Amino acid sequence: MKPQALFLLPPGWNALGADSFSSAVYDALLEGRDRYAPEAIDYFVGFRPPPGFLKSLPKLKAVISLGAGVDGFLQDPDYPKAVPLVRSVDPNLAIQMGEYVVMHALMIHRHQRFFDAAQAEHQWRQRMLTRNAADIRVGILGLGTIGAHIAAKLQAFDFQTLGWSRSRKEAPGVKSFAGAGELPAFLSQCDILVCVLPLTPDTRGILNSALFAQLPQGAYVINVARGAHLIEADLIAALDSGHLAGAVLDVFQTEPLPPDSPIWRHPKITATPHIAGITEPRSALAYVEDCIRRAEAGQPLPNVVNVARGY
Ligand code: GLV
């Protein structure tokens, strides 16, 4: 008998046909579509289950996250901590995040918002570049797989790259900083700061006034991690005071971003709806199948989250 995997689908996956979920390795059940006995479920697959949901599945062998970030699971006070939590590691996700960050770093460097505004007014407004990409230092907060990939893509366009992580990590061509002690030195050298940190109790609210004050005058911030990393009011204050020149936000404290949020209309903010990197269903399902095959064969699961550390 095949094990049973219960899927709770993130928005955007609904277009997938039911056949997409069938597998030779497990029986797929879709929350909201199929009837199931909670005690018969062996694996849970999803992104942000409602708090308490996993507790209602008493026989889980593993939880497989469809997202790279697992904060949506760990914030559940009833998360069953003894059940291994596997995070998605999808090369496509790092590729997409790299594209997003490079695109915005280039838009910043090439003043694209200035030219968009000029076009909207039918104005032929030239503006010279005052520096080359090679003069611009892009600092990456979070130097894991995604951060290292972003750095490599930025280097291909000549940007200087530096990275900060909790424990020391090395990535080719990246000037590396580690731990709280080296954070100020790192921040003081970031013309563009990119946040790809995991959301943990230590990193919640890390993008705040005190941190912005340590960035060089005229710096930019790109947040592609989690909305809860950023104190939005602090960012707006730093932009309005002129200390920061601009920000690119893909994630927000409240998602969807409410229509009356000042972020939508702020002249120095580019906002996108959490699309910098989206787990691609087909490669994610192949990953899920591989994880369950391994678990059923008694082999170790890949990319198991350290629940105490939070990533
Ligand atoms: C997306 O936000 C993810 O965690 O994969």
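**Notes on the helices, loops and ligand site**

1. In α4, the buried residues (under 20% relative accessible area, with exposed over 50% and partly exposed in between, by a 1.4 Å probe and protein chains only) are Gly 147, Ile 150, Ala 151 and Leu 154. Seen down the axis of α4, these buried residues fall within an arc of 100°, so they line one face of the helix; the arc is that of the directions from the helix axis to the C-beta atoms. An α-helix has 3.6 residues a turn, so residues three or four places apart point the same way. Turned away from the buried side of α4 is a face with the exposed residues Thr 145 and Ala 156.

2. A word on the basis: this is a predicted model, where local features need pLDDT of at least 70 and side-chain atom pairs count only at pLDDT 80 or more, while totals for chains, interfaces and linings use all residues. Residues are numbered from 1 along each chain as its sequence is written, and side-chain values use heavy atoms, with hydrogens and water left out.

3. Helix α4 spans residues 145-156, and its 12 residues reach 17 Å from first C-alpha to last, close to the 16 Å expected at 1.5 Å a residue. That expected span is 1.5 Å times one less than the number of residues. Helices (H or I, at least four residues) and strands (E, at least two) are DSSP runs, numbered from the N terminus. His 149 also belongs to α4 and is partly exposed, at a relative accessible area of 24%. Do look at His 149 beside Gly 98: the two are 51 residues apart in sequence, yet 6.4 Å apart in space, C-alpha to C-alpha.

4. Buried in α9 are Pro 281, Ala 284, Leu 285, Tyr 287, Val 288, Cys 291 and Ile 292. They cover an arc of only 160° around the axis, which puts them on the same side of α9.

5. Now the ligand. Around the ligand are Phe 47, Gly 67, Ala 68, Gly 69, Arg 226, His 274 and Thr 279, each with a heavy atom within 4 Å of it. This shell divides into 2 nonpolar, 4 polar and 1 charged; here Ala, Val, Leu, Ile, Met, Phe, Trp, Tyr, Cys and Pro count as nonpolar, Asp, Glu, Lys and Arg as charged, and the others, Gly among them, as polar.

6. A backbone N or O atom of Gly 69 lies at 2.8 Å, a side-chain N or O atom of Arg 226 at 2.7 Å, and a polar side-chain atom of His 274 at 2.7 Å. Taken alone the ligand exposes 190 Å², of which the protein buries 88%, with areas from the Shrake-Rupley method and a 1.4 Å probe.

7. Finally, some loop residues to check. Asp 191 sits between α5 (179-187) and β9 (192-195) and is buried, at 11% relative accessible area; its side chain reaches the backbone nitrogen of Arg 137 at 2.8 Å. The peptide bond from Glu 255 to Pro 256 is cis, with omega near -5°, and Pro 256 is in the loop between β11 (244-249) and α8 (262-265). Phi is positive in the non-glycine residues His 111, near 55°, and Asp 158, near 80°. His 111 is buried at 17%, whereas Asp 158 counts as exposed at 52%.

Note on methods: Polar contact = N/O pair within 3.5 Å; in protein donor to acceptor, adjacent residues only side chain to side chain.
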